[in-house]
Amino acid sequence: MNMRKPILAMLKPLLFLWIFLLLSRCQSADSRESSHAVLYERITRAKIADSIAERRNAILNSPSTIRMQEALDEYYHHFLGKRFNGAILVARKGVVIYEKYQGYADFSKHIPIDEHTTFQLASTSKPFLAMAVLWLYQRGKLNLNDPVQKYFPNFPYQGVTIKLLLNHRSGLPNYLYCCQSYWKDPSRLMTNQDVVRILCKYHPKPVFKPDTRFNYCNTNYCVLAAIVEEVTHEPLGSFLQRIFFEPLGMHDTYVYTPREPAPAHQSISYDARGRKVRTVPFDGVVGDKNVYSTVEDLLKWDQALYSGTLFPDSILQLAYKPYSFEHPGIHNYGLGWRMLVYPDGQQIIYHNGWWHGNNSVFYRFLKDTTTLIILSNRYDPIVYHVQPVMKILHENDVEGEVDEGG
């Protein structure tokens, strides 16, 4: 027994050494596996980057793109003209083929418009709210057939559902016309909740019975934004920031009302004569307007809707489905999107905006993933006449006038 103790004492260091070598070998194997994984990831990323660069170069160097760029330059200089004050971007399959900036974000300070200048999107804000509603619907937070009374029990208009708000078939009166007489302090900004309270208290006469026809009305999206804030328990701006703007890298996009100081890159709104447009109480209402963005950020939004990372096809089909058929023709409205629907099934999904001096144009040609975006902070109706650009991008294979304004 006495001899075993020295032997054990000698074996202990050898045992510890063996364990150390075994662990080191395992760690080395793990390290090698980790290194292989990192290397594989880097190679994969490089291949993807090369593929993207190759696709981009192929698009930019194609004869059709070069012809388009020349024609777009002709359109820009001779159609929009020197009066244009804003930004224009055209992309094919997500690749920018034309991008121009002209004029001033602030006339008095001569601050030029650039890629970070943000513009009031006016009614082009509506698709963001509509897709936020569908985001909540996809997650079971609300139902498209929910009546407004589920969220505002005193809402006096029976039969109005979330879907009818989205597709402008609610028949609600336009708050821009009916609320002014009830708003006693013109120096104070309205909120969405103020509009809902006025509708509940005074019950302005509806335009028609729900779901009997289409009538584009800002009240629909004012009420929708109030519902979203009830469901999410947060302001619409922070909700959109959390689910869309930040994840997509849209760092120059936000919801703004004049209650806060304007961000540094935000453009000022001017009328057709170049006079600064004054603030009115309706500027405090969001959802129907008041998203600010850039042409480059809107392209990120456009491409995200193709990628499948935000929504499955089933949700997009709901959004892009036409819902109004009272009048024959190619014009229709989905859930938050205007559209041109052609007999062959081709669709152009778009939305325009007009608020104060701000004009916005956002066209998405789904068939070939072509995108047209025009933003302006000085009112000019010529911005909406995009038929020449549509013909340039599709070799005269597009017909139908588009709607001005929202």
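Q: In what order do the strands of the open sheet run?
A: This is a predicted model. Its open sheet has 7 strands in the order β2-β1-β12-β11-β10-β9-β8, and the pairing is antiparallel.

Q: Which strands stand at the edges?
A: β2 (95-102) and β8 (331-333). Each has a single partner strand, so one side of each is left without a neighbour in the sheet.

Q: And the twist, what does that average?
A: 15 degrees from one strand to the next.

Q: Over how many bridges do β10 and β11 pair?
A: Over 8 bridges, in the antiparallel sense. β10 covers residues 347-355 and β11 covers residues 358-365. As for residues across the pair, H351 stands opposite F362 in β11.

Q: Which strands does α9 touch?
A: Helix α9 (residues 295-307) packs on the sheet and touches β1 (86-92), β2, β11 and β12 (370-376). The direction of α9 makes about 150 degrees with that of β12.

Q: Switching to helices. At what angle do α3 and α8 pack?
A: About 75 degrees, with the axes of α3 (residues 126-138) and α8 (residues 236-245) 11 Å apart. Angles of 65 to 115 degrees count as roughly perpendicular, so α3 is roughly perpendicular to α8.

Q: Which residues meet there?
A: From α3, F128, L129, M131, A132, W135 and L136. They meet L236, F239, L240, I243, F244 and F245 in α8.

Q: How many of those are polar or charged, by class?
A: None: the contact of α3 with α8 has 12 nonpolar residues, no polar and no charged ones.

Key
Residues numbered from 1 in each chain as written. Predicted model: local features only at pLDDT ≥ 70, side-chain atom pairs only at ≥ 80, totals over all residues. Heavy atoms only, no water. Axes fitted to C-alpha atoms, helices over the stretch in contact; angles between N-to-C directions. Helix = DSSP H or I, 4+ residues; strand = E, 2+ residues; numbered from the N terminus. Parallel < 35°, antiparallel > 145°, perpendicular 65-115°, else oblique. Contact = heavy atoms within 4.5 Å. Nonpolar A, V, L, I, M, F, W, Y, C, P; charged D, E, K, R; others polar. Pairing = 2+ DSSP bridges.
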